[in-house]
Amino acid sequence: MKLVKEIDSFEPKDIFECGQCFRWNREENGSYTGVFSDCVLNVEKCEGNIVFNGNENVTEEKINEYFDLNRDYSKIKKELSKVDNNLLEATNFGSGIRILNQDLWETIISFIISANNNIPRIKGIIEKISKKYGKEIKFNEKSYYEFPTPKELSKATVEDLKNLGLGFRDVRVYETTQMINSKEFDLDELYTLDTKQAQEKLLTLSGVGPKVADCILLFSTLKRFDVFPIDVWVRRVMNDLYIHEQDEKKLNKNYIRKIADTKFGTLEGMAQQYLFYWKREQSA
DNA sequence: CCCCAGGTCGTCA
DNA sequence: TGACGACATGGG
């Protein structure tokens, strides 16, 4: 299928390289190709329009949902840019960011793998998992692979996972997969909980701590903006911009979170993403 | 050889 | 609670 849309606040590079997703890759012409659910899709910006080119499973409805097209990002940026000059600059820099509605299960496993890891390697591991345990999809003569279902991934032993290069995360991915596949952990229940409760429930999964839980809440279909994932980059940018005191407070996550709460309010998750992308691209 | 990467977990005070 | 080291792997 092919679809052309005029969309405000939509820049492929900003969306796919702001750290929220791991299955999108840049093509030579600057477009991006990726896989979500059973869809393979190429996204390109041409003279202000967004061109979507995908396999037969892609529909406009799925695109609207996945790319969060029913949300007014101009309004969010306007709101955040009123906070201070830092956010003004950060939202201008990443003005084409949209927070994707990614599959909850896939997001959980992806961010467990992200722990103490770097983005290129995270992408490589997820690709290997998909290739080995997910269904093949053909698109333009090439093979792509769906991210495996819990049932499909539950066939992987700890040893299998280790061989894919997961490092010390092999046991955690294994245990969490078993918990979800057996329904001991109910994914659907998360949607019924408020953010705080959902956070606590996510923490019961193996390999999910505060940072990973917040990323899951922010980047999946759970879509909570009232979280503030703190990793090394966010800590760095928050220290640089807002904390000019002793080293003790600089290292304190709760202190950073409190500043984020009071400054950014219920949009703190969005603020985090603009700041993360801004800071990381600058030092790249 | 070092250090680092979208941290979590177990342990110990 | 809060600090601290271990934990695999690959790239710079």
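Modeller: This is a predicted model. Start with R98: leaving out residues up to four places away in sequence, R98 touches I7, D8, S9, F10, I15, Q20, F67, D68, L69, R71 and Y73.

Biologist: Where is R98 placed, and is R98 buried or exposed?

Modeller: R98 sits in the loop between helix 4 and helix 5. Buried means under 20% relative accessible area; R98 has 2%, so R98 is buried. The C-alpha atoms of R98 and Q273 are separated by 9.7 Å, although the two are 175 residues apart along the chain.

Biologist: And Q102, which residues does Q102 touch?

Modeller: Q102 is also in the loop between helix 4 and helix 5. With a relative accessible area of 9%, Q102 is buried. Not counting residues up to four places away in sequence, Q102 touches Q20, C21, Y66, T107, F219, S220 and T221.

Biologist: How do I describe two packed helices?

Modeller: Two packed helices are described by the angle between their axes and the distance between the axes. Take helix 5 (residues 104-113) and helix 12 (residues 210-219): their axes come within 9 Å and cross at roughly 150°. Angles over 145 degrees count as roughly antiparallel, so helix 5 is roughly antiparallel to helix 12. The crossing of helix 5 and helix 12 is right-handed.

Biologist: Which residues make the contact between helix 5 and helix 12?

Modeller: Helix 5 contributes L104, T107, I108, F111 and I112, and helix 12 contributes K211, V212, C215, I216 and F219. Sorted by class, the contact of helix 5 with helix 12 has eight nonpolar residues, one polar and one charged. Two of the residues in this contact, T107 and F219, are also among those that Q102 touches.

Biologist: Next, the loop between helix 12 and helix 13. What does F225 contact there?

Modeller: F225 lies in that loop and counts as buried at 10% relative accessibility. Leaving aside neighbours within four places in sequence, F225 is in contact with R71, I76, I99, L218, T266, L267, E268, G269 and M270. For T266, which is 41 residues from F225 along the chain, the separation between the two C-alpha atoms is 6.2 Å.

Biologist: How does the span of helix 16 agree with its number of residues?

Modeller: Helix 16 (residues 268-283) has 16 residues and, at 1.5 Å a residue, should span 22 Å. The end C-alpha atoms of helix 16 are 23 Å apart, which agrees.

Biologist: How many residues of helix 16 are buried, and what do they pack against?

Modeller: Helix 16 is mostly covered, with 12 of its 16 residues buried. The buried residues are E268, G269, M270, A271, Q272, Q273, Y274, L275, F276, Y277, W278 and K279. They pack against helix 1 (12-16), helix 3 (73-81), helix 4 (85-93), helix 12, helix 13 (232-242) and helix 15 (253-264).

Biologist: At what angle do helix 13 and helix 16 pack?

Modeller: Helix 13 and helix 16 pack at about 90°, and their axes are 9 Å apart. The two helices are therefore roughly perpendicular to each other. On helix 13 the contact is made by W233, V234, V237, M238, D240 and L241, and on helix 16 by Q272, L275, F276, W278, K279, R280 and S283. The residues of this contact divide into eight nonpolar, two polar and three charged.

Methods: Residues are numbered from 1 along each chain as its sequence is written. Chains are lettered from A and ligands numbered from 1 in the order in which they are written. This is a predicted model: local features need pLDDT of at least 70, side-chain atom pairs count only at pLDDT 80 or more; totals for chains, interfaces and linings use all residues. Side-chain values use heavy atoms; hydrogens and water are left out. Axes are lines fitted to C-alpha atoms, for helices over the stretch in contact, and angles run from 0 to 180 degrees between N-to-C directions. Helices (H or I, at least four residues) and strands (E, at least two) are DSSP runs, numbered from the N terminus. Angles under 35 degrees count as roughly parallel, over 145 as roughly antiparallel, 65 to 115 as roughly perpendicular and the rest as oblique. A crossing is left-handed if the near helix is turned anticlockwise from the far one by less than a right angle, and right-handed if clockwise. Contact means heavy atoms within 4.5 Å. Ala, Val, Leu, Ile, Met, Phe, Trp, Tyr, Cys and Pro count as nonpolar, Asp, Glu, Lys and Arg as charged, and the others, Gly among them, as polar. The expected span of a helix is 1.5 Å times one less than its number of residues. Buried means under 20% relative accessible area, exposed over 50%, partly exposed in between (1.4 Å probe, protein chains only).
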